[in-house]
Amino acid sequence: MIKITQEWDEILKEEFNSPSYLELRNFLKSEYSNYTVYPPMYDIFNSMKHTAFKDVKVVLLGQDPYHNQGQAMGLSFSVPSGVQIPPSLVNMYKELYAETGIVPKTSGDLTGWAKQGVLLLNTVLTVREHQANSHKGKGWEQFTDGIIKKISSLKENVVFLLWGGNARSKKPLIDQTKHLILECAHPSPLSAYNGFFGCGHFVKTNQYLEKFGILPIDWSAL
């Protein structure tokens with residue numbers, strides 16, 4: 001396993017040295033040796049490689065990576081350019097268009113969001129091929145909970161986008177006196193009509209950032 005950046009490594013040193021993470025490392029060594037696991041090992045921490053801690057403005061929580069070949073790239077909801085856009089991201093683009101008039105892109109690569117300070121963080125960072133949630137409960141949750149807690153405690157005026165039950169369960173980790181939590185149903189086709197469509201979160205995010213003099217996100221930049 002590799003480290004991330006000097007800034008993130010320092011902030012997360014307690015998590016990296018925790019018993020649960022050390023157990024997770026051993027588990028992942030075995031998984032990557034014996035199975036096909038996504039994303040590729042060197043892409044696991046891409047969310048933090050693309051978004052420095054000091055630059056985090058928004059945290060968009062996903063669950064676990066896409067589990068089909070060529071999809072997972074270490075950024076929640078994102079797929080490499082040229083890969084078919086997954087249904088949840090299609091619905092995110094629909095909501096973005098309804099709110100802002102931004103025409104949906106033909107690419108599902110969200111790196112442009114990450115570079116502006118949107119931390120595209122899954123709560124579980126790896127998955128075995130074709131087996132959704134196969135790395136759930138192996139230690140990633142403690143690690144990513146630690147990330148959320150550090151952002152909550154060390155930063156101010158961050159927008160946390162909690163879409164769906166898994167993401168919403170992280171609400172107690174966030175200091176609501178310092179940050180904005182926007183929560184609703186998951187954008188997947190199974191639940192998008194239960195409150196994701198019409199949530200207004202893209203606009204609300206930028207209104208909040210601008211209120212505190214923070215440069216808003218250009219959601220059209222992909």
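Helix α7 (residues 140–154) lies across strands β2, β3 and β5 (159–163), and its axis runs at about 155° to that of β3. Helices (H or I, at least four residues) and strands (E, at least two) are DSSP runs, numbered from the N terminus. Axes are lines fitted to C-alpha atoms, for helices over the stretch in contact (heavy atoms within 4.5 Å), with angles from 0 to 180 degrees between N-to-C directions. The model is predicted, with local features needing pLDDT of at least 70 and side-chain atom pairs pLDDT 80 or more, while totals for chains, interfaces and linings use all residues. Residues are numbered from 1 along each chain as its sequence is written, and side-chain values use heavy atoms, leaving out hydrogens and water.

The strands under discussion belong to an open sheet of four, in the order β3-β2-β5-β6, with parallel pairing. At its edges sit β3 (118–122) and β6 (180–184), each of which pairs on one side only. On average, neighbouring strands of the sheet are turned by 20° against each other, direction ignored. Strand β2 (residues 58–62) pairs with β3 in the parallel sense over five bridges; two strands count as paired if DSSP finds at least two bridges between them. Looking at one of these links, Leu60 has Leu120 in β3 as its bridge partner.

Taken as a whole, the protein chain holds nine helices and six strands. Its C-alpha atoms fill a box of roughly 45 × 35 × 30 Å along the principal axes. The chain's radius of gyration (over C-alpha atoms) is 17 Å, which agrees with the value near 17 Å for a compact globule of 222 residues; the globule rule is 2.2 Å times the number of residues to the power 0.38.

Two spots in the backbone deserve a look. Tyr38 and Pro39 are joined by a cis peptide bond, with omega about -5°, and Pro39 lies in the loop between β1 (37–38) and α4 (46–50). Phe77, in the loop between β2 and α5 (87–100), has a positive phi near 70° despite not being a glycine.

Among the residues lining the largest cavity are Tyr93, Leu96, Lys105, Trp219 and Ser220. Here the lining has seven nonpolar, one polar and one charged residues.

On a 1 Å grid over the protein atoms alone, a cavity is a set of points where a 1.4 Å probe fits but cannot get out, and a pocket is an open set with protein on both sides within 12 Å along at least five of seven lines; lining residues have an atom within 4 Å of a point. Ala, Val, Leu, Ile, Met, Phe, Trp, Tyr, Cys and Pro count as nonpolar, Asp, Glu, Lys and Arg as charged, and the others, Gly among them, as polar.
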